[in-house]
Amino acid sequence: MSLTQALFYLLAGVITLSTGMAVTRKQPVHAVVYLVVSFFATAVLFALLGAPLVAVLQIMIPAGAVMVLFLFIIILLGREAPKPRDDSAMRWALPGILAIITVAAGLMLIASPQHQTIPLAMAKASARELGTYLYRHYWPAVEGISVLFFVALAGAMFLVREFKPKPDAQNEEPKP
Amino acid sequence: MTMWFAGFAVLLVKMALVLGVALTGAAYLVLVERKLLGRMQLRYGPNRVGPFGLLQPLADGVKMILKEDLVPQGADRFLFMMVPAVLPLTTLLAFAVVPFGTELTIMGQQVPMVITDLDVGVLFVLSLSSVGVYSLALGGWASNSKYSLLGAVRGVGQMISYELPLGLSLVPVIMLAGSMSLVDIVNAQADMPFIVYQPVAYVLFVLSALVEVKRTPFDLAEAENELQAGFHMEYSGMRFALFFLGEYLNMIFLGAFAALLFLGGWHGPVLPPFAWLLIKTAIMPILLIWIRASLPRLRPDQMMRLCWVWLAPLALLNILATGAVMLLKG
């Protein structure tokens, strides 16, 4: 087993464990922390597989921006622990089935013979190559996503405007 | 194999050097700040420990280590104890991509004067600065105090807002240099530092950096008048010192970052490259201290308006203008 392979399995273990912990925590803030750890390990995995740009973006956007917003909301909502729910079998049935399907698919992938012959080799895609490839082959998708962001921005601005109290309603005194 | 070990040894030496310079710099920046603030307020500043107060950082360190390490009742113990390490950690990691000179030739081998020259260096730094927000958010939450929590909420809002102008102000520099590697960006400034072409971007960067390190007039996360000390209020001893260290390391780092991106890095006449980089790095921390001594604190809504109404659109316009000029000039 090469160093790259050893690191790969180590990181895969960290990702699986921390994501599992994130799903099972009762305290939302702890779940967020575990998920951030999982994202970090994923970023290192991307770097290991030769995609430094994706690795950095993985830290910057999911770990650095999205999860901070999650944390922000959770903190604003207060720190009361959620009410314990009844542990019925039905609650676990669907996620259990989905997890079993995923594990089975993963095992089949590992067991398939042609996959074993592909060694995990060091490779590297530079930011410039990735950007050129993305804009040459997928520019409609990139433009579509940017339009989507613009719509989201306009929506956010609209929501903020709605929350302004009307000047009349604020000064009105309650009738006796 | 010998070459591999030699490379590893060189890497370790470089890391030790950067760590030593950055930590010593942070410790003495505290002294410089107290001295400068003192002079600006017509007093002497610390001058009792050692000649001219030069041993003051050492005395402060001893004091911090000897103080009692408190964990408040009802705090989230594990997070509370772990979180102070995040801020200095992310800042020290960011120093890994800072080049401090041209390549040296040691025993016939080219040794680049940077720990690692990532081709996504600028993005690496930005991603680490966005991770630094966790120290504040989790520290404030884990303390189980309303002042800490309010400070954390304010600080998070301010830091994620100003990441936008901070990142956008760097885009024109990347466009001009045609690379995100800090070494390439400095090499592109061999003739003329980018501040000449991008004065607006530099001003945007300095303002956003001021907010990122949360110093007066943007220290709303630790506003003494209304929040006591904000997100680090419940911390004592070495854990408080780690927050403090993170802030000063961040000031030095942003100074170095500005020097590399806008002021031409190690390029300069007469003096050796490393000396030029140190001089240019010192500009930002001293500017920040000066601003702290001069300006009162802003209100949260004023600060947010400054970001979203002025700085972010200005940064976007700057990118547009840079792109247009580059297209016209070919």
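**Reading helices and their contacts**

Tutor: Let's start with burial: 10 of the 10 residues of H6(B) are buried, so this helix is largely enclosed by the rest of the structure. A residue is buried if 20 or more other C-beta atoms lie within 10 Å of its own, exposed if 12 or fewer, and partly exposed in between, with C-beta atoms placed from the backbone. Helices (H or I, at least four residues) and strands (E, at least two) are DSSP runs, numbered from the N terminus. Please keep in mind that this is a predicted model, where local features need pLDDT of at least 70, side-chain atom pairs count only at pLDDT 80 or more, and totals for chains, interfaces and linings use all residues. Residues are numbered from 1 along each chain as its sequence is written, while chains are lettered from A and ligands numbered from 1 in the order in which they are written.

Student: Which are the buried residues of H6(B)?
Tutor: They are B:Val133, B:Tyr134, B:Ser135, B:Leu136, B:Ala137, B:Leu138, B:Gly139, B:Gly140, B:Trp141 and B:Ala142. After H6(B) comes B:Asn144, with a positive phi near 55°.

Student: How many residues does each chain bring to the contact?
Tutor: Two residues are in contact if their C-beta atoms, placed from the backbone, lie within 7 Å. Here chain B gives 18 residues and chain A gives 16 residues. On the chain B side, helices H5 (121–131), H6 (133–142) and H7 (146–177) each supply at least two residues, and H5(B) has the largest share, six residues.

Student: What classes of residue make up the side of chain B that touches chain A?
Tutor: Ala, Val, Leu, Ile, Met, Phe, Trp, Tyr, Cys and Pro count as nonpolar, Asp, Glu, Lys and Arg as charged, and the others, Gly among them, as polar. That side has 15 nonpolar, two polar and one charged residues.

Student: How do I describe two packed helices?
Tutor: By the angle between their axes and the distance between the axes. In chain B, the axes of H1 (residues 2–40) and H12 (residues 273–294) come within 10 Å and cross at roughly 40°. The contact joins B:Leu29, B:Glu33, B:Leu36, B:Leu37 and B:Met40 of H1(B) to B:Pro285, B:Ile289 and B:Ala293 of H12(B). These residues divide into seven nonpolar, no polar and one charged.

Student: And what elements does chain A have?
Tutor: Chain A has eight helices and zero strands. Of its 176 residues, 17% count as buried.

Definitions and conventions
Axes fitted to C-alpha atoms, helices over the stretch in contact; angles between N-to-C directions.
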